[in-house]
Amino acid sequence: METFLPDIASLLFFLTLAIYSLLVVFMLVWTYHDAESRGVRGLLVVIPTFMTGTILGVILWLVFRPELKPVPVMVRVRE
C-alpha cells in the first residue's frame, strides 16, 4: 500500500502562492480604504492599481494621492 506524500516543491509553491495572494488582497483593500478616506472613489484607484501590477500601483498611489483633509470634531463643553 502506497502512502501519498506531497512533494515539498509543490507545498512551497502553493504556500508562496497563498502568501502572495493574501498580500495582493491586503494591498488592494488598503488602497481602496485610503482612497475613500481621501474623497476619491475607491474602485477608480483599485482597478488601475491591480492592472499596473499591484506593487507599482500602490507606489504610484502613494506618490500621487491627494492630501488628507482634516475633519472637524464636534466637542461638547460642559458649563
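Helices (H or I, at least four residues) and strands (E, at least two) are DSSP runs, numbered from the N terminus. This is a predicted model, in which local features need pLDDT of at least 70 and side-chain atom pairs count only at pLDDT 80 or more, while totals for chains, interfaces and linings use all residues. Residues are numbered from 1 along each chain as its sequence is written, and side-chain values use heavy atoms, with hydrogens and water left out.

**Figure 1. Overall fold of the predicted protein, with three helices and zero strands.** Along the sequence the pattern reads α-α-α. The radius of gyration, taken over C-alpha atoms, is 21 Å, whereas a compact globule of 79 residues would have a value near 12 Å (the globule rule is 2.2 Å times the number of residues to the power 0.38). Along the principal axes, the C-alpha atoms fill a box of roughly 85 × 35 × 15 Å. Of the contacts (heavy atoms within 4.5 Å) with a separation of 6 or more, 54% are between residues 24 or more positions apart.

**Figure 2. Surface and charge of the protein.** Accessible areas come from the Shrake-Rupley method with a 1.4 Å probe; for residues, only the protein chains shown count as cover. Buried residues make up 19% of the 79 residues, where buried means under 20% relative accessible area, exposed over 50%, and partly exposed in between (1.4 Å probe, protein chains only). There are 6 positive and 6 negative side chains, and the centres of the two sets lie 19 Å apart. Lys and Arg count as positive and Asp and Glu as negative, with His and the chain ends not counted; the place of a charge is NZ of Lys, CZ of Arg, CG of Asp or CD of Glu.

**Figure 3. Salt bridges around Asp-34.** Side chains of opposite charge can pair when their charged atoms come close. A salt bridge is a side-chain nitrogen of Lys or Arg within 4 Å of a carboxyl oxygen of Asp or Glu, and the whole structure has two of them. One joins Asp-34 to Arg-38, with an N to O distance of 3.2 Å; both of these residues are buried. In the salt bridge between Asp-34 and Arg-65, the closest N and O atoms are 2.9 Å apart. Asp-34 lies in helix H1 (residues 8–37) and Arg-65 in the segment after helix H3 (54–64), so this pair ties together parts that are 31 residues apart in sequence. Shared partners join Asp-34, Arg-38 and Arg-65 into one network of salt bridges. Asp-34 counts as buried because its relative accessibility is 10%, and Arg-65 counts as partly exposed because its value is 27%. Not counting residues up to four places away in sequence, Asp-34 touches Trp-61 and Arg-65.

**Figure 4. Val-40 in the loop between H1 and H2.** With a relative accessible area of 25%, Val-40 is partly exposed. Apart from neighbours within four places in sequence, Val-40 is in contact with Ala-35, Val-45, Trp-61 and Pro-66. Val-25 is 15 residues from Val-40 along the chain, and their C-alpha atoms are separated by 19 Å.

**Figure 5. Leu-43 in helix H2 (residues 42–51).** Tyr-32 and Pro-48 are in contact with Leu-43 when its neighbours within four places in sequence are left aside. Leu-43 and Val-29 are 14 residues apart in sequence, and 10 Å separates them in space, C-alpha to C-alpha.
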